[in-house]
Amino acid sequence: MRHTRIALALATATLSLSGCAAFGLGGPADGESATAAEGRQWIVVDAGKATPSPTETTGKPAVTPEVSLSMPAPDPSCTKIWPRTEPVMIPVEVTPGAGALTVEWPAQGLSDYRVAAVLQELVTGPQPEPEWKPVPPGKGCSVSTTISGLTPGEAYIVWLDAPNTGREVDGTRYLYSGRSGVVYPR
């Protein structure tokens, strides 16, 4: 420990008395005068070319359709057009009622469903598990159910789960989730 302190003191003294030149840093190189070293630049900058101005692309913007079906309806006679949602979500329509929400969505093959109205109140700590309501497969174009026992005026988001929607030929799952925006029971 004593030798380390002595070595540290000697290095500090040498650096302070002779500056960085004692270590070959920042001083003139061998055979170079002090004036020549002062003229060197520390940073070398290469001249570049300006970025070219943007040009028009070859593609044309396409208009996004206002409405779309989540998947082909199982029944060709289905004529209801569902509101546009994210491409991976089942569209969900929610109608507020007295302490209840009526939820409707397009049928997803022969899948069974479950829905939950999740209260949007801030909760510290572990979040409460949503109360899922099971819904059997629908017959026809759409499926609907009513979730009751909700607090009027409180904010909810309705979640839809269709766990048995099946898969495409390539293994890609059919749509199996949906959600509403914020809704308020009356």
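Residues are numbered from 1 along each chain as its sequence is written, and side-chain values use heavy atoms, with hydrogens and water left out. Because the model is predicted, local features need pLDDT of at least 70 and side-chain atom pairs count only at pLDDT 80 or more, while totals for chains, interfaces and linings use all residues.

**Exercise 1. Salt bridges**

Find how many salt bridges the whole structure holds, and state for Lys80, Glu93, Glu104, Arg114 and Asp161 whether each is buried or exposed or in between.

Solution. 

Step 1. Apply the criterion: a side-chain nitrogen of Lys or Arg within 4 Å of a carboxyl oxygen of Asp or Glu. The search of the whole structure gives three salt bridges.

Step 2. Take Lys80 with Glu93, whose side chains meet at 2.9 Å, N to O. Lys80 sits in the loop between α2 (34-38) and β1 (93-97), and Glu93 in strand β1, 13 residues apart. Helices (H or I, at least four residues) and strands (E, at least two) are DSSP runs, numbered from the N terminus.

Step 3. Take Lys80 with Glu104, where the closest N and O atoms are 3.2 Å apart. Glu104 belongs to strand β2 (residues 100-106) and Lys80 to the loop between α2 and β1, so this pair ties together parts that are 24 residues apart in sequence.

Step 4. Take Arg114 with Asp161, with 2.8 Å between the closest N and O atoms. Arg114 is in strand β3 (residues 113-119) and Asp161 in strand β6 (residues 156-161), 47 residues apart.

Step 5. Sort by relative accessible area: buried is under 20%, exposed over 50%, partly exposed in between (1.4 Å probe, protein chains only). Lys80 at 35% is partly exposed, as are Glu93 at 27%, Glu104 at 22% and Arg114 at 33%. Asp161, at 15%, is buried.

**Exercise 2. The largest pocket**

State the volume of the largest pocket and which element gives the largest share of its lining.

Solution. 

Step 1. The volume is about 480 Å³, taken as the space filled by probe spheres set on grid points joined across faces, edges and corners. On a 1 Å grid over the protein atoms alone, a pocket is an open set of points where a 1.4 Å probe fits, with protein on both sides within 12 Å along at least five of seven lines; lining residues have an atom within 4 Å of a point.

Step 2. The lining has 20 residues, and Ala117, Val118, Leu119, Pro130 and Glu131 lie nearest the centre of the pocket.

Step 3. β3 and β5 are the elements that give two or more residues to the lining. The largest share, five residues, comes from β3.
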